[in-house]
Amino acid sequence: LLAGCMPQEPAAPPQQTEGVVAYMPTPEGWPWKMGEMVVRLDGVETRYTTWDYSIGALDGGVQLRWEPDADHSVTPGGPVHLLVSGVPGEDGRREAGAIYVNAVFPEMPKAGAVSRDVSVEWRLEADWKGRVLRSDGPAELHIEAITRKGDETSTGQIRGTVQARLCEAMGESESLTPGGACHDFSASFDSKLQYDM
């Protein structure tokens, strides 16, 4: 299962008007750009953008949060989960081509931290049951720089790289396609970061 998913456009609280329920539109400019990714598949480079989908609650495409325990509870001070996600181009509402990188660190990561507990999923189609490339074998995420604007704020900045081997799969199944092609994947990212903790 994906630890982080591309959010769907949220619905604002309904307003009642003479027996008719109406939904407020999303804020102007939503979603908001957070940063950039440069993605390489078998050496072919594609520019990606990271986005902030927050409305009311933190919902950044690049965020840190406590990693849930086996019973799905959260223990502050324990392992930390990093999500780095983006879509190609400048349309934050696009779903086809979305990439999700999930990495777990044993503690709050600092510059120079490396995680090998990494999964990568590249959704080739907007349909969640469609074709995907999923990491298989060793993968690594390296944090080159990470900051936080004060201990009590939810805003920071992160820069890093990720490497993995991606193989063909279908939809939400966790198994890879038998005999499917595999590819060398790498990405670099420089983005605002949300601390959801």
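Tutor: A residue counts as buried under 20% relative accessible area, exposed over 50% and partly exposed in between, with a 1.4 Å probe and protein chains only. The model is predicted, so local features need pLDDT of at least 70 and side-chain atom pairs pLDDT 80 or more, while totals for chains, interfaces and linings use all residues. Residues are numbered from 1 along each chain as its sequence is written, and side-chain values use heavy atoms, without hydrogens or water.

Start with Tyr48, which counts as buried because its relative accessibility is 3%. Trp122 is buried as well, with a relative accessible area of 9%. For rings of Phe, Tyr and Trp (its six-membered ring), a pair means centres within 6.5 Å; planes under 30 degrees apart are stacked, over 60 edge-to-face, and the rest tilted. By this rule there are two aromatic pairs. In one of them, the ring centres of Tyr48 and Trp122 lie 6.1 Å apart with the planes at 90°, so the pair is edge-to-face. This pair links distant parts of the chain, since Tyr48 is in strand S4 (residues 44-52) and Trp122 in strand S9 (residues 118-123), 74 residues apart. Strands here are DSSP runs of E with at least two residues, helices are runs of H or I with at least four, and both are numbered from the N terminus.

Trp122 also pairs with Phe185: their ring centres are 5.9 Å apart and their planes stand at 70°, so this pair is edge-to-face. It too links distant parts of the chain, with Trp122 in strand S9 and Phe185 in strand S13, 63 residues apart. Both Trp122 and Phe185 are buried. Together, Tyr48, Trp122 and Phe185 make up one aromatic cluster.

A search of the whole structure finds one disulfide. The torsion about its S-S bond, between Cys167 and Cys182, is about 110°, so the disulfide is right-handed. Cys167 is buried, at a relative accessible area of 3%, whereas Cys182 is partly exposed at 32%.

Another ring contributes a further kind of contact. The charged end of Arg148 sits over the ring of Tyr195, 4.1 Å from its centre; this requires NZ of Lys or CZ of Arg within 6 Å of the ring centre and within 35 degrees of the ring normal.

Glu152 gives a contrast in exposure. It lies in the loop between strand S11 (140-148) and strand S12 (155-170), and it counts as exposed because its relative accessibility is 77%. Glu152 and Met197 are 45 residues apart in sequence, with their C-alpha atoms 9.6 Å apart in space.

The chain as a whole has zero helices and 13 strands. Of its 197 residues, 42% count as buried. A contact means heavy atoms within 4.5 Å, and among contacts between residues at least 6 apart in sequence, 58% join residues at least 24 apart.

Technical notes:
Disulfide = S-S within 2.5 Å.
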